[in-house]
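Colleague: I would like to learn how to read a few features of this structure, one after another. Please give me the general idea each time, and then the case at hand.

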Amino acid sequence: MSEIIKVGIADINLVSPPDTIRTTGLGSCVGVILYDEGKKIAGMAHVMLPESALIKSNTTNLGKFADTAVNALYDMLIKKGASAKSIKAKIAGGAQMFQFSSGSEMMRIGPRNVESVKLHLNQFGIPLISSDVGGNSGRTIEFDPLNSQLTIKTVNKGTKII
Amino acid sequence: MDFTKINHIHLDILREIGNIGAGHAATALSTMLNKAVDMKVPSVNVISFDEITEMVGGSENIVASVFLRIVGDAPGCMFFMLPIEQAEKLLGDLLGGEAVQLTEGVHSEMTISALQEVGNILSGSYLTSFSDFTGLNLQPSVPATSIDMAGAILSFGLLEISAVSDFAIVIDTAFTDIKKLDEVKGHFFLLPDPESFAKIFNALGVPMDE
């Protein structure tokens with residue numbers, strides 16, 4: 001029996017076949033998937049904010065921030081036996097759900113999350129294979145570690161696979 | 001954000017804000033629709049992010065929502081959220097019995113504008129009474145609308161609080177039809193920014209350190 005492993009808001013989790021992993025209702029948040037195609041293991045994080053350094057309190061929720069999430073996913077995959085050189089990434093999300101005339105920094109959070117995730121992937125030398133980011137629609141995403149396919153569902157634009 | 005300093009009196013205060021605010025908004029809605037609208041006793045909860053989306057039927061549930069930022073003495077976020085079929089009914093009533101469809105992604109400008117205006121009037125009356133009750137200076141931003149997954153919309157209101165906590169205080173008031181009390185028509189969510197709580201409690205003479 002295959003199961004769907006859920007990743008909540010600011011959450012982080014691992015998956016291996018036959019299970020798949022999914023997170024629902026990504027708005028300005030970014031779903032980050034790191035995977036090892038050969039070993040068929042993958043992890044997903046639901047990132048809310050770009051940088052943990054901006055934060056006063058020391059929250060322990062590693063999936064919440066782009067920097068800590070990429071770091072934690074990488075460590076978790078290595079621990080599970082993934083080889084550092086074959087880890088790849090796919091990302092989706094980072095939409096701007098509301099359009100405002102006053103463009104405060106908080107309103108631009110979607111694009112900032114995407115930028116930060118890309119930056120930290122780069123720092124680890126993890127290639128970004130495909131992405132579906134921006135726009136103004138919420139997304140539900142599901143990753144299958146068996147074929148490394150990421151299925152993206154939106155309310156108005158249907159389903160696509162990257 | 002230290003939730004341990006918040007006691008039951010503080011929660012009562014927040015509940016009362018929800019009560020007065022949503023009460024005024026319900027009256028405004030009732031006037032607009034020319035029929036009775038009832039509301040449930042507001043709930044004030046300290047809950048995790050995932051639990052918030054459960055309150056509107058799950059993260060993937062499609063809702064029509066109006067969002068606005070509160071600026072001034074006690075900043076925060078406010079959402080007026082309706083299940084899609086309730087929004088269609090409400091806007092249909094408002095636009096003189098016209099059949100309104102929101103799900104297919106083809107929203108007429110008129111419909112969206114009507115939704116925005118409803119949100120504007122309702123949140124305006126909520127906020128005015130909130131401001132009167134506390135004596136705090138509060139203004140709404142221009143409202144923004146979105147018809148999408150509840151999780152995608154609500155998480156936007158959690159950004160400020162998520163920077164300091166894994167939990168949020170949500171003041172939720174549900175609307176119902178006066179004849180069908182079980183049928184929830186919509187929700188009002190008030191999500192004060194973390195630093196606003198102390199200001200609200202101070203304004204009402206119940207500081208958080210005591």
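Modeller: Let us begin with a bridge in a sheet: Thr151(A) has Ile161(A), in strand 10 of chain A, as its bridge partner. Before going on, note that this is a predicted model, in which local features need pLDDT of at least 70 and side-chain atom pairs count only at pLDDT 80 or more, while totals for chains, interfaces and linings use all residues. Residues are numbered from 1 along each chain as its sequence is written, chains are lettered from A and ligands numbered from 1 in the order in which they are written, and side-chain values use heavy atoms, with hydrogens and water left out.

Colleague: What is the strand order of the open sheet in chain A?

Modeller: Strands (E, at least two residues) and helices (H or I, at least four) are DSSP runs numbered from the N terminus, and two strands pair if DSSP finds at least two bridges between them. Here the open sheet has 5 strands in the order 1-3-8-9-10, with mixed pairing. Strand 1 (4–6) and strand 10 (158–161) of chain A stand at the edges with a single partner strand each, so one side of each has no neighbour in the sheet.

Colleague: How many bridges join strand 8 of chain A to strand 9 of chain A?

Modeller: There are 6 bridges between these antiparallel strands, and Asp144(A) has Gln149(A) in strand 9 as its bridge partner. The two strands form a hairpin with 4 residues between them, and Ser148(A) in the turn has a positive phi of about 60 degrees. Strand 9 (residues 149–154) is in turn joined to strand 10 by 4 bridges, again antiparallel, whereas strand 3 pairs with strand 8 in the antiparallel sense over 4 bridges.

Colleague: How should I read an aromatic pair?

Modeller: A pair of aromatic rings is described by the distance of the centres and the angle of the planes. Rings of Phe, Tyr and Trp (its six-membered ring) pair if their centres lie within 6.5 Å, and planes under 30 degrees apart count as stacked, over 60 as edge-to-face and the rest as tilted. The count over all chains comes to 7 aromatic pairs. One of them is the tilted pair of Tyr35(A) and Phe143(A), with 5.2 Å centre to centre and 45 degrees between the planes. Tyr35(A) lies in strand 4 (residues 30–36) and Phe143(A) in strand 8 (residues 139–144) of chain A, so the pair ties together parts that are 108 residues apart in sequence. Both residues are buried, a word that means under 20% relative accessible area, with exposed over 50% and partly exposed in between (1.4 Å probe, protein chains only).

Colleague: Which side chains meet in a salt bridge with an N to O distance of 3.8 Å?

Modeller: A salt bridge is a side-chain nitrogen of Lys or Arg within 4 Å of a carboxyl oxygen of Asp or Glu, and the rule finds 1 across the interface of chain B and chain A. The side chains that meet are those of Glu60(B) and Arg22(A). Arg22(A) lies in strand 3 (residues 20–26) of chain A and is buried, with a relative accessible area of 13%.

Colleague: How many residues of each chain are in contact?

Modeller: With contact taken as heavy atoms within 4.5 Å, 33 residues of chain B touch 33 residues of chain A. Buried area is the accessible area (1.4 Å probe) that two parts lose on being put together, summed over both; between these chains it is about 2,600 Å², of which carbon and sulfur atoms give 65%.
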